[in-house]
Amino acid sequence: MVATPVGEVEGSTMWNDAVSWNGRPESSRRSPSLSRIQSIERAFAVLGALAGGPLGVTEVAERVDLPKSTAARLLSSLSREGAVEQ
């Protein structure tokens, strides 16, 4: 899969704070709203990576320092929303 952005995205930043949910007390877990914010930030990072031209999933994942499966899932969501094309 090679994705290209539909519109242009100026520079972006990414906050990638991996959180382990195993063995952590309930009070230390992130709220669902913070997870949604992280997803939005990651999606913008993916769009920023694509601003230079078409890339494959592996290249996107490497550029934004995400697991390949996460990058693929984000690209799929962005494609469904019309933000990128395969």
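Helix axes are taken here as lines fitted to C-alpha atoms over the stretch in contact, with angles running from 0 to 180 degrees between N-to-C directions. On that basis, the axes of α2 and α3 come within 8 Å in this predicted model. They cross at roughly 110°. Angles of 65 to 115 degrees count as roughly perpendicular, so α2 is roughly perpendicular to α3. The crossing of α2 and α3 is right-handed. On the α2 side, the contact involves Val 57, Thr 58, Val 60 and Ala 61. These residues meet Lys 68, Ala 71, Ala 72 and Leu 75 of α3. By class, the contact of α2 with α3 holds six nonpolar residues, one polar and one charged.

The protein has three helices and three strands. From the N terminus, the elements follow the order β-α-β-α-α-β. Of the 86 residues in the protein, 28% are buried.

Helix α1 covers residues 32-50. An α-helix has 3.6 residues a turn, so residues three or four places apart point the same way. The buried residues of α1 are Gln 38, Arg 42, Ala 43, Ala 45, Val 46, Leu 47, Ala 49 and Leu 50.

Helix α1 also packs against α2. The axes of α1 and α2 are 9 Å apart, at an angle of about 115°. That angle makes α1 roughly perpendicular to α2. The crossing of α1 and α2 is right-handed. From α1, the contact draws on Ala 45, Val 46, Ala 49 and Leu 50. From α2, the contributors are Val 60, Arg 63 and Val 64. Six residues of the contact of α1 with α2 are nonpolar, none is polar and one is charged. Val 60 takes part in the contact of α2 with α1 and in that of α2 with α3.

Two residues of α1 were followed in detail. Val 46 lies in this helix. Val 46 has a relative accessibility of 0%, and therefore counts as buried. Beyond its neighbours within four places in sequence, Val 46 is in contact with Val 60, Val 64, Leu 74, Leu 75 and Leu 78. Val 46 and Leu 78 are 32 residues apart along the chain. Their C-alpha atoms are separated by 9.3 Å.

Ala 49 is also placed in α1. Its relative accessibility is 10%, so Ala 49 counts as buried. Ala 49 and Val 60 are eleven residues apart in sequence. Their C-alpha atoms lie 6.3 Å apart in space.

The loop between α2 (57-64) and α3 (68-80) contains Asp 65. Most residues other than glycine have a negative phi. Asp 65 is not a glycine, yet has a positive phi of about 55°. The relative accessibility of Asp 65 is 59%, so this residue counts as exposed.

Notes
Residues numbered from 1 in each chain as written. Predicted model: local features only at pLDDT ≥ 70, side-chain atom pairs only at ≥ 80, totals over all residues. Heavy atoms only, no water. Helix = DSSP H or I, 4+ residues; strand = E, 2+ residues; numbered from the N terminus. Expected span 1.5 Å × (residues − 1). Buried < 20%, exposed > 50% of the residue type's maximum accessible area, 1.4 Å probe, protein only. Parallel < 35°, antiparallel > 145°, perpendicular 65-115°, else oblique. Left-handed = near helix turned anticlockwise from the far one by under 90°. Contact = heavy atoms within 4.5 Å. Nonpolar A, V, L, I, M, F, W, Y, C, P; charged D, E, K, R; others polar.
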